[in-house]
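Dear colleague,

I am handing over a protein structure for your attention. Please look at the sequence and the structure below before reading on.

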Amino acid sequence: MNWRKLLFPFSGLYWLGSSLRNVFYNIGFLKQTQFDLPIINVGNLSVGGTGKSPHVLYLIELLKNNYKVCTLSRGYGRKSRGFKFANYESKVYDIGDEPMQFFRRFKNKIIVTVCENRVTGTQKIIRDFYPDLIILDDAYQHRSIKAGFNILLTDYQFPYSKDYLLPAGNLRESRAGAKRADVIIVTKCPENLTEKNVQQLRESLRVKPKQELFFSKIEYATKLIGLHDEIPMSNWLNYNAVVVTGIANAQNFVAFCEEKFRAVLHLEFPDHHNFSNTEIEYIRKRYQNTEGERILLTTEKDYMRLMEEESLKNDMYYLPISVTLNDEKKFNELIIDYVRENQKRS
């Protein structure tokens with residue numbers, strides 16, 4: 001028996017609170033602030049693990065050459081507070097791992113910012129940076145800001161239609177919240193997704209006529225990236241890999257590594273984990289005690305938190321990932337049309 005089912009009575013209380021909050025926003029009792037520029041919101045109903053970061057990276061890649069793009073995140077795991085923007089002096093503890101990932105991937109081709117209050121953050125962005133559009137990272141429940149285009153992500157293995165509210169399940173708000181989405185993306189889909197699977201998911205998720213449904217899958221890079229060099233996939237089978245993860249759901253990443261390396265030792269930590277000195281020493285010893293040709297491997301997001309650790313940085317590599325969608329042409333057109341039609345009028 002899943003012990004979390006014992007918490008259903010508390011989920012009822014959570015449902016009452018979150019539902020009243022949404023009703024108050026819907027009727028205007030709680031204020032929503034709307035801004036005169038395109039705002040794309042990428043989020044989910046669950047507490048994490050749906051793959052928001054690679055989908056934000058996809059949007060940045062799509063838009064960065066033609067528009068001045070700004071991202072706004074909360075900055076989970078950072079030790080600072082208030083509004084911050086990324087630059088070459090920024091540390092992961094200043095802005096958080098995901099914003100650091102965005103900045104390291106695109107450098108000054110985009111503006112990367114963090115702020116707990118998304119309205120305050122957006123006001124500062126508009127005042128100081130004059131962007132063409134803002135991408136909100138993980139702000140689906142931040143209803144104080146009214147985004148013009150909402151993208152809702154849900155995991156193929158754990159769709160919100162089969163989940164429950166906290167604390168019995170992992171949903172931050174009820175399934176009814178999916179109605180606010182313009183686009184729903186089922187993430188981490190298998191290669192052999194059939195039309196029957198697609199139809200079953202469409203029915204299970206209760207996709208509305210006004211909503212578009214897409215399916216994405218993870219694409220792993222063919223090389224590992226380290227501080228000093230890169231290792232092509234053709235060499236991976238030579239290595240015993242010590243895999244360090246601090247993400248919400250490492251299952252797919254670890255399964256991929258188990259296919260590609262001779263052997264895998266998985267060291268798992270919580271999402272957005274700030275590693276202590278004791279944990280860093282533990283990782284280093286487990287790596288040093290691994291026999292044969294060995295490699296210390298992590299995700300790109302985790303690398304942001306580990307890359308400055310003196311005892312690890314020379315041995316550590318990360319594996320970049322990206323996403324592909326089942327109908328990229330249609331999805332790209334939806335995004336570009338929204339941005340074009342909602343450009344700020346001077």
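The notes that follow describe what was found, from the overall form to individual contacts.

Please bear in mind throughout that this is a predicted model.

**Overall form**

The protein has 10 helices and 15 strands. Along the principal axes, its C-alpha atoms fill a box of roughly 65 × 50 × 40 Å. A compact globule of 346 residues would have a radius of gyration near 20 Å, and the value of 21 Å for this protein agrees with that. Of the 346 residues, 50% count as buried. One of the buried residues is Leu325, at 9% relative accessibility, which is found in strand β15 (residues 321–325). The C-alpha atom of Leu325 is separated by 30 Å from that of Val119, and the two residues are 206 residues apart along the chain.

**Aromatic contacts**

The structure holds 13 aromatic pairs. Among them is the pair of Tyr58 and Phe331, whose ring centres are 5.8 Å apart; their planes stand at 65°, over the 60 degrees required, so the pair is edge-to-face.

Phe85 counts as partly exposed at 42% relative accessibility, whereas Phe129 counts as buried at 17%.

Two arginine residues should be noted beside aromatic rings. The charged end of Arg175 sits over the ring of Tyr164, 5.6 Å from its centre. Arg294 lies over the face of Tyr287, at 4.8 Å from the ring centre.

**Salt bridges**

The count comes to 20 salt bridges. One of them joins Asp97 and Arg305, with the closest N and O atoms 2.8 Å apart. Asp97 lies in helix α4 and Arg305 in helix α9 (residues 300–306), so this pair ties together parts that are 208 residues apart in sequence. Both Asp97 and Arg305 are buried.

Another salt bridge is formed by Glu333 and Lys329, again with a closest N and O separation of 2.8 Å. These two residues both lie in helix α10, four residues apart, which is about one turn of the helix. Glu333 counts as partly exposed, at 38% relative accessibility, and Lys329 is exposed, with a relative accessible area of 59%. Returning to Asp97 and Arg305, salt bridges that share partners join these two residues and Asp302 into one network.

Lys64 and Glu61 form a further salt bridge, with their closest N and O atoms 3.6 Å apart. Lys64 is buried, with a relative accessible area of 14%, while Glu61 is partly exposed, with 45%.

**A nonpolar surface patch**

Trp15, Leu16, Leu20, Val23, Phe24, Ile27 and Phe29 form a nonpolar patch on the surface, and together they have about 710 Å² of accessible area. Within this group, Trp15 is placed in helix α1 (residues 8–26) and counts as partly exposed, at 45% relative accessibility.

**Backbone details**

The peptide bond from Leu166 to Pro167 is cis, with omega near 0°; Pro167 is placed in the loop between β6 (149–155) and β7 (183–187).

Lys107 has a positive phi, near 50°, although it is a residue other than glycine. Lys107 is found in the loop between α4 (97–106) and β4 (111–114) and is partly exposed, with a relative accessible area of 36%.

Tyr130, which is not a glycine either, has a positive phi of about 50°. Tyr130 lies in the loop between α5 and β5 (133–137), and at 61% relative accessibility Tyr130 counts as exposed.

With kind regards

Conventions: Residues numbered from 1 in each chain as written. Predicted model: local features only at pLDDT ≥ 70, side-chain atom pairs only at ≥ 80, totals over all residues. Heavy atoms only, no water. Phe/Tyr/Trp six-rings, centres within 6.5 Å; stacked < 30°, edge-to-face > 60°. Buried < 20%, exposed > 50% of the residue type's maximum accessible area, 1.4 Å probe, protein only. Lys NZ or Arg CZ within 6 Å of the ring centre and 35° of its normal. Patch = residues over 30% accessible without salt bridge, like charges linked within 9 Å, V, L, I, M, F, W, Y side chains within 5 Å. Areas by Shrake-Rupley, 256 points an atom, 1.4 Å probe, with all protein chains shown as cover. Salt bridge = Lys/Arg side-chain N within 4 Å of Asp/Glu carboxyl O. Rg over C-alpha atoms; globule rule 2.2 N^0.38 Å.
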